[in-house]
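Let's take a friendly walk through one protein model. Have the sequence and the 3D view ready as you read.

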Amino acid sequence: MQKDRTQHIIQNPIIPGFYPDPSICRAEDDFYLVCSSFELYPGIPVFHSKDLAHWEQIACAMTMDNGFHVKADMGNGGIMAPTIRYRDGLFYIICCNFADRGTFYVTAEDPAGPWSEPNWIEDIPDLDCSLFFDRDGKTWIVYPGNDENEDNHRAIFLSEYDLDHKRVCSEPKKIWNSALRKAWAPEAPHIYYIGEYYYLMIAEGGTEHFHSVMIARSSSVDGWYEGYPGNPVMTHRHLGYHYPIDNAGHADLVDTPDGNWYAVLLASRIIEGQYRNLGRETYLCPVEWERGWPVFSPGTGKIEWEYPADPALPWTEYDPEPEREDFDEDHLAFCWNFWGTPYQDFWKIEDGCLKLKCLARPFVRKLTGFHPGQPDMSRDDGISFLGRRQREIDFTATLKMTFNPQNREAAGFVIMQAVNHQFRLEKIRNEGGCVLRLVQVTTKQKGLPFLPGYEADTTQIILEQKPLNGSEAETAQERGTDSGLVLRLEAKGQNYNFYYGTDEEHLEPFFLHADAKVINPEEVGGMTGTVMGMFATANGEESENAAFFDWFEIKQ
């Protein structure tokens with residue numbers, strides 16, 4: 001029999017859409033990867049792969065079952081930069097939750113769960129912590145922090161950790177500062193023992209255009225690390241602002257059973273200029289070792305759209321993410337997310353549809369930033385929203401809704417990037433009856449939301465408003481009938497076209513050529529990516545009313 005010589009290809013990004021800060025580990029023949037989830041619930045998506053090309057989500061490590069708390073606040077708070085590691089049959093994820101007590105780790109025998117409740121590490125208050133298990137059995141935590149010897153600068157520190165007693169058992173030791181002198185944001189450290197050296201890999205330059213991957217090495221785990229003369233080992237900042245893949249950095253290394261090496265890292269696709277609506281996505285590139293140092297993407301030195309798959313790994317495809325959700329099951333697929341932990345009883349799947357209660361909280365309110373170390377643990381400030389990530393540049397999103405608004409209640413379709421940068425196609429009742437309107441929300445920001453002095457000025461503009469003749473008679477009892485309202489967004493690059501009607505096959509234009517760039521200004525920085533979905537709100541009033549969604553579909 002003739003051997004099949006078809007060359008399989010790895011396509012980048014390997015996990016498209018808002019899945020930033022990837023970390024990877026291998027357990028025997030299987031690969032596992034986690035990403036930041038910020039203020040989305042459930043938190044810390046966990047992915048599995050056999051071939052490094054195809055990834056299936058198998059869990060979320062943080063849920064209400066193990067005490068996960070996150071607030072629908074700024075959009076870019078909450079869970080940041082998890083690291084996953086494996087040792088002796090146990091998986092570890094270490095991370096920082098700015099909406100709770102800070103740094104923690106959880107464990108699981110099976111990465112599909114259940115995951116333990118958080119073990120809090122209050123001696124290490126910073127973000128981007130990583131675990132390293134040394135050959136002698138010791139456990140170390142490596143993390144960025146403020147360098148007291150250098151004004152307004154950061155460095156990388158190391159502390160030994162006692163897993164048995166769950167405590168830090170050594171003073172922090174500075175092991176490196178940065179490759180560039182006083183580089184901006186040295187962070188995302190990982191330590192590896194490879195060959196004869198300990199390697200420390202970090203990110204520098206911030207997670208935007210100047211992002212990069214730097215590496216250093218030492219003969220001892222806690223010794224001073226010497227930087228590679230060829231740093232950075234990966235960046236796209238020299239390729240200019242118009243190169244289609246931007247923000248490359250925040251990498252993690254993994255080897256295959258046959259000894260081949262790869263790196264996962266984040267990067268962003270730009271859309272019609274320096275706009276990154278998709279946020280930071282997960283990419284992969286091969287790595288080779290030469291003269292004791294890693295070479296990322298040999299031959300080109302930049303992330304390519306595709307690479308030959310490793311022929312020694314079993315090519316294993318998974319079912320794609322479902323396009324349409326008919327709400328016929330009593331549970332939600334992993335692609336669905338709430339904004340903040342859904343403490344309040346505002347959602348339910350029944351009779352083949354999703355019921356979203358009109359909570360009092362408006363979908364837009366004044367931004368005041370968030371304060372690390374001073375978490376808001378309240379559980380009665382939720383937002384009635386269920387959504388999915390945008391995963392491709394061009395897409396069509398459609399839903400069917402039945403809703404009889406009272407007073408100031410509103411419900412419908414929303415697409416947003418970060419917070420207070422959004423379009424809402426919503427049904428609302430005003431003095432003249434029910435109307436459908438398209439609301440554009442933008443915000444001018446000054447400073448960073450987690451630092452003192454942050455200011456934000458939000459503007460809402462009604463781009464179009466039309467009376468809903470006939471459909472305003474809908475009631476909750478009529479849900480599931482043909483009297484519902486169908487809403488659609490067709491996106492082509494940065495061009496948004498909105499449609500409406502009662503029949504998805506015969507929709508009318510509602511507003512054409514909305515500019516998607518306005519909800520993704522460069523000042524947002526791409527920390528988060530675009531999510532879209534269904535919402536309901538009573539806009540400041542208490543209400544028992546609800547909107548009913550028969551289905552939601554996104555074709556990407």
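## A buried arginine

Arg437 is buried, because its relative accessible area is 18% (buried means under 20%, exposed over 50% and partly exposed in between, with a 1.4 Å probe and protein chains only). Arg437 sits in strand 34, residues 433–446 (a strand is a DSSP run of E, at least two residues, numbered from the N terminus). The side chains of Arg437 and Glu426 are joined by a polar contact of 2.7 Å (a pair of N or O atoms within 3.5 Å, where one must be able to donate a hydrogen and the other to accept it; residues adjacent in sequence count only if both atoms are side-chain atoms).

## About the model

This is a predicted model, where local features need pLDDT of at least 70 and side-chain atom pairs count only at pLDDT 80 or more, while totals for chains, interfaces and linings use all residues. Residues are numbered from 1 along each chain as its sequence is written, and side-chain values use heavy atoms, with hydrogens and water left out.

Now look for an open sheet of 4 strands, in the order 2-3-5-6, with antiparallel pairing (two strands pair if DSSP finds at least two bridges between them). Strand 2 (23–27) and strand 6 (56–62) are the edge strands, each pairing on one side only.

Inside this order, strand 3 (residues 30–34) and strand 5 (residues 43–49) pair in the antiparallel sense over 4 bridges. Which residue of strand 5 is the bridge partner of Val34? That partner is Val46.
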